Amino acid sequence: MKPDLSCKIGGLVCKNPLIAASGTFGFGQEWEAHIDLNQIGGLVTKGLSLHPREGNVPPRLVETASGMLNSIGLANPGLEAFARDKLAYLQKLADAGCLVVVNMYAESQEEFVTLAKELCALKGIHALELNLSCPNVREGGMAFGVEPDSVLRITQAVRKASGLPLWVKLSPNVTNIVAIATAAAHGGADALCLINTLLGMAIDARTRKFKLGNVMGGLSGPAIKPVALRMVYQVAQQLSIPIVGLGGICQAEDVVEFFLAGASAVQVGTANFMNPDTMPNIMRDLGEFCRREGIENMSELKGMACHACPL
């Protein structure tokens, strides 16, 4: 029997749990020459702001042990160019059953509200991902996401301005992830995305210079998976809101682990850079895993992690 890999994220149904993470998949069209986009459950666009952003000074990427540091700085064409040049392609993907989520970034609550209103007027968008967690910008981003009060206030404002499902992407660079998640849930979030990148840096021992032009950047990749799993589990234990897990997912077993910790779906990011076939490969292996383990529906796995048996 073929397992059912579909999943629900609040009121949205995704044909499978694999969603391309923001910042790793452009606006979708960049990847059509590499993989069949009909194989993935959805994609989150590159972070979009009201006005164009050039991003941070290079170098912007540094490879690390089991991961990558990035300091892109949310470079993007802005809302007007997005609607003119990118949206038509995303609408085709949406019509074909791919979940389209727009990641939105702003430097103030007022900008977030304006951007949300404008995006709600466009067709072909299933949900908004409120970026309160990017560590690579000096204003907005993580600055909004480390205090429950600001998370609550901004989430409430965007929720009021938008009729689309609202996902809030949270930062791991906090002392109490449950408090931050609770604020987002109380603010009206339909789902939480855990986690964004960890703040880090790299230095060249020979030149004695920082390897990133912006000095610090966001650490992603397999190195952060244990942190992501822990935070997904902690939040899932306290809140009933759907969670989209991300952080270091490279293979089918990683997806299963996030579901066991309490996630309803996952996003795949850095692994796409290592191998463009990562998500199709995960889909194939995930189906085989479910058949082998007698799992008829992915939802059976949600939150089922338990304490290890004593020796």
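The model is predicted: local features need pLDDT of at least 70 and side-chain atom pairs count only at pLDDT 80 or more, while totals for chains, interfaces and linings use all residues. Residues are numbered from 1 along each chain as its sequence is written, and side-chain values use heavy atoms, with hydrogens and water left out.

**The nonpolar cores**

Begin by selecting Phe-82, Leu-119 and Leu-192, the residues with the most contacts inside the largest nonpolar core, which has 83 residues. A nonpolar core is a set of buried Ala, Val, Leu, Ile, Met, Phe, Trp, Tyr and Cys residues joined through side-chain atoms within 4.5 Å. Buried denotes under 20% relative accessible area, exposed over 50%, and partly exposed the range in between (1.4 Å probe, protein chains only). Helix α1 (residues 79–95) supplies the largest share of this core, 7 residues. Helices (H or I, at least four residues) and strands (E, at least two) are DSSP runs, numbered from the N terminus.

Next, centre the view on Leu-119. Setting aside residues up to four places away in sequence, Leu-119 touches Leu-48, Leu-79, Phe-82, Val-102, Met-104, Ile-125, Leu-128 and Leu-164; contact here means heavy atoms within 4.5 Å. Another core, of 16 residues, lies apart from the largest one and includes Leu-12, Val-44, Trp-167 and Cys-193.

**Helix α4**

Now select helix α4 (residues 148–161). Colour Ser-150, Val-151, Ile-154, Thr-155, Ala-157, Val-158 and Ala-161, which are buried. Viewed down the axis of α4, the buried residues fall within an arc of 160°, so they line one face of the helix. The arc is that of the directions from the helix axis to the C-beta atoms. On the face turned away from the buried side are the exposed residues Asp-149 and Lys-160.

**Strands β8, β9 and β10**

Move to strand β9 (residues 166–169), where Leu-166 and Val-168 point one way, Trp-167 and Lys-169 point the other way, and all are buried. Strand β8 (residues 127–131) runs parallel to β9 and is joined to it by 4 bridges. Between β9 and β10 the pairing is also parallel, over 3 bridges. Two strands pair if DSSP finds at least two bridges between them. Select Val-168: this residue of β9 is the bridge partner of Leu-130, and its own partner in β10 is Leu-192.

**The salt bridges**

The structure holds 7 salt bridges, each a side-chain nitrogen of Lys or Arg within 4 Å of a carboxyl oxygen of Asp or Glu. Select Arg-159 and Asp-190, whose side chains meet in one of them at 2.5 Å, N to O. This pair links distant parts of the chain, 31 residues apart: Arg-159 belongs to α4, and Asp-190 to the loop between α5 (177–186) and β10 (191–194). Arg-159 is partly exposed at 21% relative accessibility, and Asp-190 is partly exposed at 30%.

Finally, select Glu-257 and Lys-225, which form a salt bridge at 2.8 Å, N to O. Glu-257 lies in helix α7 (residues 252–261) and Lys-225 in helix α6 (residues 225–238), 32 residues apart. Glu-257 is partly exposed, with a relative accessible area of 29%, whereas Lys-225 is buried at 14%.
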